[in-house]
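Here is a short report on one protein model. It covers a salt-bridged helix, a sheet and a pocket.

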Amino acid sequence: MVVRMAQCTIDVDDLDLMVAFWSAALGYEIEQGDDGSAKLWPPGQPSAGAPSVWLQGSGTPKRGKNRLHLDLATDGDPQAEVRRLIGLGARHVDIGQTGTEQFTVLADPEGNEFCLLDSPPTR
């Protein structure tokens with residue numbers, strides 16, 4: 001028996017800002033609770049392997065570098081996707097890249113780092 005990634009949880013300070021960013025970035029459907037949190041669901045009838053995202057209101061800003069981050073991939077042009085994400089509120093982040101990486105490091109509007117891969121991972 002093994003486990004699978006079922007959900008990614010992100011602590012957020014401004015729930016509305018982060019719901020708007022992550023739902024648009026991922027194309028996920030929003031289910032906002034009245035408890036200061038929101039669940040983002042993959043659209044349509046996702047496979048069992050498609051994780052949901054839980055935006056958990058923390059009431060505090062992010063501090064320090066993430067110890068865990070998302071690596072995202074696109075079916076289209078990665079640089080066009082970087083521009084789209086920046087248009088949604090992401091920004092470039094320097095964490096010591098050399099410029100030869102096969103990914104772009106970004107941060108969401110609250111500073112949570114994530115990467116956009118040049119191509120999906122393969123074996």
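Arginine 84 is partly exposed, at 33% relative accessibility. The classes used here are buried (under 20% relative accessible area), exposed (over 50%) and partly exposed (in between), with a 1.4 Å probe and protein chains only. This is a predicted model: local features need pLDDT of at least 70, side-chain atom pairs count only at pLDDT 80 or more, and totals for chains, interfaces and linings use all residues. Residues are numbered from 1 along each chain as its sequence is written, and side-chain values use heavy atoms, with hydrogens and water left out.

**Salt bridges**

The whole structure holds two salt bridges. The term means a side-chain nitrogen of Lys or Arg within 4 Å of a carboxyl oxygen of Asp or Glu. Side chains of opposite charge can pair when their charged atoms come close.

| Salt bridge | N to O distance |
|---|---|
| Glutamate 81 and arginine 84 | 2.6 Å |
| Glutamate 113 and lysine 62 | 3.6 Å |

Glutamate 81 and arginine 84 both sit in helix H2, three residues apart, about one turn of the helix. Helix H2 spans residues 78-88. Helices (H or I, at least four residues) and strands (E, at least two) are DSSP runs, numbered from the N terminus. Glutamate 81 is buried at 16% relative accessibility. Leaving aside residues up to four places away in sequence, glutamate 81 touches Ala25, Thr74 and Leu116. Contact here means heavy atoms within 4.5 Å.

Glutamate 113 is buried, with a relative accessible area of 13%. Lysine 62 is partly exposed at 28%.

**The sheet**

Strand E8 also belongs to an open sheet of four strands. The order is E5-E8-E7-E6, and the pairing is mixed. Strand E5 (70-72) and strand E6 (91-92) are the edge strands, each pairing on one side only. Two strands pair if DSSP finds at least two bridges between them.

E5 runs parallel to strand E8 (residues 113-117), with three bridges. Aspartate 71 has cysteine 115 in E8 as its bridge partner. E7 and E8 are antiparallel, with five bridges. There, phenylalanine 103 is partnered by leucine 117 of E8. The hairpin of E7 and E8 has five residues between the strands, and glycine 111 takes a positive phi near 95°.

E6 and E7 are antiparallel too, joined by two bridges. Arginine 91 stands opposite alanine 107 in E7. Strand E7 (residues 103-107) is mostly covered, with four of its five residues buried.

**The largest pocket**

The largest pocket holds about 680 Å³ of space. Of its 28 lining residues, Cys8, Thr9, Ile10, His69 and Leu70 are the closest to its centre. Strand E1 (7-12), helix H1 (15-26), E5 and E8 each give two or more residues to the lining. E1 supplies the largest share, five residues.

The search uses a 1 Å grid over the protein atoms alone; a pocket is an open set of points where a 1.4 Å probe fits, with protein on both sides within 12 Å along at least five of seven lines, and lining residues have an atom within 4 Å of a point. Grid points are joined across faces, edges and corners, and the volume is the space filled by probe spheres set on the points.
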